[in-house]
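Open the model in your viewer and keep the selection tool ready. This tour tells you what to pick next and what to look for.

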Amino acid sequence: MEGLRFLVVEDSPTMRQLISFSLKRFKGCKIVEAVDGVDALKKLQQEEVDMILTDINMPVMDGLKLVSLVRQNVKTRDLPIVIITTEGAQEDRDRGLALGANAYISKPIQSSHLLKVITDLFDKGPK
Amino acid sequence: MADDHSDIFRKSQEFLQMLSKQKDFIQDLLKENERLRFEVANLRQKGSGGETDSLLRQELELLKKRLEQIENEKREIAAAYQRVEDENKDFAQRYIEIEEQNNNLANLYVASYQLHSTLDFQEVVHIVLEIIINLIGAEVFCIMLLDEKTNELGVIAQEGHEGSPTFTNIRIGEGILGNVAKTGEPYYINQAGTGYQVDFLHPIAAIPLKIKENVIGVISIYKLLVQKDAFTAVDYELFSLLAAHAATAIFSSKLYSQSERRLTTIQGFLDLLTAPTGKS
């Protein structure tokens with residue numbers, strides 16, 4: 001898998017950097033960063049991406065609202081979405097997946113786990 | 001005359017009898033000959049069968065030896081396979097360990113990069129909070145700094161405590177937190193299965209913020225995120241490395257903000273001294 005384009009939506013610069021650092025294991029990948037849901041929607045209009053990785057708790061627009069809006073948009077509705085969050089309870093997980101996320105990862109993240117989830121999603125193909 | 005005829009007849013009779021006996025004898029001889037030929041043929045056949053047996057026996061011996069060799073080879077291959085399998089397991093285990101180390105290094109790299117990316121004290125404290133939540137996986141915790149004048153630990157930031165909690169200052173050497181500040185040794189208990197309740201004075205982990213041997217503060221953790229059952233061996237390593245980076249970042253930003261304040265004060269004095277008096 002080469003030349004993948006990721007949109008990382010996370011308000012914490014530390015987590016944004018950590019996720020981007022892990023994603024760089026995919027050769028030739030391009031990473032677009034957004035600080036919240038609104039910023040992410042703006043970036044989606046400007047850039048073509050292959051996958052969205054988003055936090056839930058963010059200012060302005062949270063990750064769940066973002067997932068729901070991405071799924072309603074014809075242009076972006078088939079994009080694979082991975083939620084990465086501190087909310088680890090089963091009900092949070094179910095809520096995220098019910099809204100249309102393809103995978104749910106609880107923090108603290110393990111690089112190897114994140115990469116496996118992403119690879120599996122690309123292997124499976126569009127939802 | 002009659003005597004001569006009878007004599008000839010008798011002699012011919014005798015001759016015929018003799019011929020008949022000879023015939024019988026020859027027939028017996030022929031039978032015997034045939035029997036002997038048969039015996040000879042049998043014996044010859046038996047003689048040649050023995051050679052076959054001996055050849056078969058030799059062949060069998062060779063096959064037994066070959067089978068033994070193959071069995072030995074099979075045992076050697078099985079042993080080699082087992083060795084390779086063990087090595088494979090060992091490599092897989094090492095791969096997992098290296099992945100963990102890699103993950104740790106990535107965490108540490110990002111954490112130190114962020115911690116040293118600013119000299120603003122409040123920003124540094126916020127980054128420390130983020131790191132504790134996102135990289136360590138803590139839900140309820142405090143960051144305390146040591147006041148050198150009073151020798152007391154005071155909370156400068158907290159996360160996850162319900163309501164608006166008030167935290168008392170802790171004298172160095174007092175209780176778990178005071179003792180961590182005094183000795184510079186981290187403190188851990190395992191949250192899982194102890195029925196632990198959040199209590200400011202009794203954390204599940206307390207990590208000294210140290211610059212070399214000088215403790216400048218303590219990070220106390222009271223509760224981990226729901227998906228994290230307990231600390232892992234990797235967490236302890238990460239903790240001590242992060243604590244050292246966090247300590248230097250907090251200390252430098254504090255010094256920087258103090259020097260900034262002093263600079264502003266001095267600048268104010270200088271401006272006052274160099275300002276025109278208004279007299280012409």
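This is a predicted model: local features need pLDDT of at least 70, side-chain atom pairs count only at pLDDT 80 or more; totals for chains, interfaces and linings use all residues.

**Stop 1: chain A as a whole**

Select chain A and color it by secondary structure. Follow the chain from the N terminus, and the elements run β-α-β-α-β-α-β-α-β-α. The radius of gyration of chain A is 13 Å, close to the 14 Å that the globule rule gives for 127 residues, so chain A is as compact as a globular protein of that length. Its C-alpha atoms fill a box of roughly 35 × 30 × 30 Å along the principal axes.

How many of the residues of chain A count as buried? Of the 127 residues, 43% do. Now think about contacts in chain A between residues with a separation of 6 or more: 58% of them join residues 24 or more positions apart.

**Stop 2: the sheet of chain A**

Five strands remain in an open sheet, in the order β2-β1-β3-β4-β5, and the pairing is parallel. Which strands of chain A are at the edges? They are β2 (30–34) and β5 (103–106), and each pairs on one side only. Neighbouring strands of this sheet are turned by 20 degrees against each other on average, with direction ignored.

Zoom in on β1 (residues 5–9) of chain A. Five bridges pair β1(A) with β2(A) in the parallel sense. Select R5(A): opposite this residue, in β2(A), stands K30(A).

A word on what holds such strands together. Strands of a sheet pair through backbone hydrogen bonds, either parallel or antiparallel.

**Stop 3: where the chains touch**

**Stop 4**

Now select the strands of chain B. Six of them form an open sheet in the order β3-β2-β1-β6-β5-β4, with antiparallel pairing. At the edges lie β3 (170–171) and β4 (187–188), each pairing on one side only. Two bridges join β4(B) to β5 (residues 205–211) of chain B, and these strands run antiparallel. Click on Y187(B): its bridge partner in β5(B) is A206(B).

**Stop 5**

Zoom in on β1(B) and β2(B). Seven bridges join these antiparallel strands. Here C142(B) stands opposite Q158(B) in β2(B). The hairpin has four residues between its strands, and N151(B) takes a positive phi near 60 degrees there.

Move on along the chain. β2(B) and β3(B) pair in the antiparallel sense over two bridges, and L153(B) stands opposite I170(B) in β3(B). In the loop between β2 and β3 of chain B, select G160(B). With 16 C-beta neighbours inside 10 Å, G160(B) counts as partly exposed. Leaving out residues up to four places away in sequence, G160(B) touches E139(B), V140(B), F141(B) and K223(B). Draw a distance from the C-alpha atom of G160(B) to that of K182(B): the two are 22 residues apart along the chain and separated by 26 Å.

**Stop 5: the core**

Which residues of the largest nonpolar core touch the most other members? Of its 78 residues, they are L7(A), I52(A), L53(A), V82(A), V218(B), I219(B) and A246(B). Helix α2 (residues 121–136) of chain B supplies the largest share of this core, nine residues. End on A246(B): leaving out residues up to four places away in sequence, A246(B) touches L115(B), V128(B) and L209(B).

Methods
Residues are numbered from 1 along each chain as its sequence is written. Chains are lettered from A and ligands numbered from 1 in the order in which they are written. The radius of gyration is taken over C-alpha atoms; the globule rule is 2.2 Å times the number of residues to the power 0.38. A residue is buried if 20 or more other C-beta atoms lie within 10 Å of its own, exposed if 12 or fewer, and partly exposed in between; C-beta atoms are placed from the backbone. Two residues are in contact if their C-beta atoms, placed from the backbone, lie within 7 Å. A nonpolar core is a set of buried Ala, Val, Leu, Ile, Met, Phe, Trp, Tyr and Cys residues joined through C-beta atoms within 7 Å. Two strands pair if DSSP finds at least two bridges between them. Axes are lines fitted to C-alpha atoms, for helices over the stretch in contact, and angles run from 0 to 180 degrees between N-to-C directions.
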